[in-house]
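Please open the model in a viewer and keep the selection tool at hand.

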Amino acid sequence: MTTAVQVIERKKRGEELTAEELRYLLGGFVGKQIPDYQMAAWLMAVCWRGMTDAETLALTGAMVESGATLDWPGLDRPTVDKHSTGGVGDKTSIVLVPLMAAAGAAFVKMSGRGLGHTGGTLDKLESIPGFVCELPLDEMRAQVRRIGCALVGQSPELVPADKLTYALRDVTGTVDSIPLIAASIMSKKLAGGARSMVLDVKWGSGAFMQTQEEARELAATLVRIGTGAGRGTRAVLSGMRQPLGRAVGNALEVREAIDTLAGGGPDDLWALTLELGAHLLEMSGLARDADEGRATLTRLRDSGAGADMLETLVQAQHGDPRVVRQPELLPAAPVVRAFTVDEDGPRWVEAADARGIGDAALALGAGRKTKADQVDPAVGIVLRARIGDRVHPGQPLADVHARSDEAAEAAFAALRAAFRLSTEPVPAADEPYETVG
Ligand code: URA
């Protein structure tokens, strides 16, 4: 008979575990027969010894089996999904989900809350008055059949093994293992039931993966798991040296997503939306190729069909749909102050560090330092300069939206550290996307 100690010791020696051993370990942990300390010891052994592809696939399968899975019998739309490994200012889902539903896909986007310097789509959506993210599975299923999309929290019924192991990894220094990260992400995607999925793997100071090489390795692992499970899977590597778009902070980001659906909004946000959406449309057969996919998404934006669908989605999830036409109904901060260039003479923006700007927004109250903190929907930062821009003395680099002057001053100190200006011209930070899979 297998014991937890044997499984831990085999991994400690770098041996390949069988699917049966992994099922035993995960099942025992979720069923509370295997205690936290044994699971923690095993997680640390995985961090040091790694996992083969076969093990990573089997671990993902064992995690999926720990809970319910979604399937869509009789649905007349192709199912799609997207995941981002997280960053600063990433509001892409709020733009992409309604556009994909308008294009004829079924899109159940299960998102998380922000923690630390990274924002979470749920916190952003909850800045819309009345918006409900936690829908029972039945209600969510019915909504997707009715309108083609849902933007909700991760259902507790899906992959309980991930919730438990993630909480343990967070406090035992065992988060940064590619097989553990990949199994955690992909188990949730596979349980969500979509046939085609795109994974936005970010790299840079504001991301989980600091370098492009690490991001490439994670992307390749994610794609192997997805395709190994028979799902259309591609990953897109995107840079996160500076925030995506200009707005960082919950209501500010929703407003930017609404502007983008209305044909305004920042170019980098629209470019990433097109890139991810074109892959999904192509994989799901709704477009012949990526170029046709891009044209479809642009047409749906320009016709207003994307904004109409966001309105429908907000209404379905009990939010005030008027925010889509009147974003001024979103919460607004009482103090708005410009953070300006101090130096004499022209300068070029060399760094607008995503991590530092995320931390500044966090300190304003846009995120949480602990899971129990409440977020302030109104506060945040709107960038007015990006890497490579030429700036002059007195020119605003960012607007700080704060609860008080003192909070704005504290954010200025963080922004001073996040922005670096050069006396020489600096190239823009628009690294091309790289596709894996
Ligand atoms: N996101 C996840 O869902 N899981 C991880 O382990 C890391 C990032």
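Two strands count as paired if DSSP finds at least two bridges between them. With that in mind, and noting that this is a predicted model, select Ser84 together with Asp200, its bridge partner in E4.

**The strand pair**

In general, strands of a sheet pair through backbone hydrogen bonds, in either a parallel or an antiparallel manner.

**The whole sheet**

Now display the complete sheet to which both strands belong: 6 strands in the order E3-E2-E1-E4-E5-E13. The sheet is open, and its pairing is mixed. Which strands stand at the edges? They are E3 (149-153) and E13 (434-436); each has a single partner strand, so one side of each lacks a neighbour in the sheet. Viewed across the sheet, neighbouring strands are turned against each other by 20° on average, with direction ignored.

**From the edge strand to a helix**

Select Val436 and then Glu217. Their C-alpha atoms are 9.8 Å apart, although 219 residues separate the two along the chain. Glu217 is situated in helix H10, which covers residues 212-228.

**The ligand and its shell**

Next, select the ligand and show the residues around it: Tyr166, Arg169, Ile181, Ser184, Ile185, Lys188 and Phe208. By class, this shell comprises 4 nonpolar, 1 polar and 2 charged residues.

- Arg169: a polar side-chain atom lies 2.9 Å from an oxygen atom of the ligand.
- Ser184: a polar side-chain atom lies 2.6 Å from a nitrogen atom of the ligand.
- Lys188: an N or O atom of the side chain is 2.5 Å from an oxygen atom of the ligand.

On its own the ligand has 230 Å² of accessible area, of which the protein covers 88%.

Finally, colour the helices that line the ligand. Helix H8 (160-170) and helix H9 (178-192) are the elements that each give two or more residues to the shell. Which element supplies the largest share? It is H9, with 4 residues.

Note on methods:
Residues are numbered from 1 along each chain as its sequence is written. This is a predicted model: local features need pLDDT of at least 70, side-chain atom pairs count only at pLDDT 80 or more; totals for chains, interfaces and linings use all residues. Side-chain values use heavy atoms; hydrogens and water are left out. Axes are lines fitted to C-alpha atoms, for helices over the stretch in contact, and angles run from 0 to 180 degrees between N-to-C directions. A residue is near a molecule or strand if one of its heavy atoms lies within 4 Å of it. A polar contact is a pair of N or O atoms within 3.5 Å; within protein, one must be able to donate a hydrogen and the other to accept it, and residues adjacent in sequence count only if both atoms are side-chain atoms. Accessible areas come from the Shrake-Rupley method with a 1.4 Å probe; for residues, only the protein chains shown count as cover. Ala, Val, Leu, Ile, Met, Phe, Trp, Tyr, Cys and Pro count as nonpolar, Asp, Glu, Lys and Arg as charged, and the others, Gly among them, as polar.
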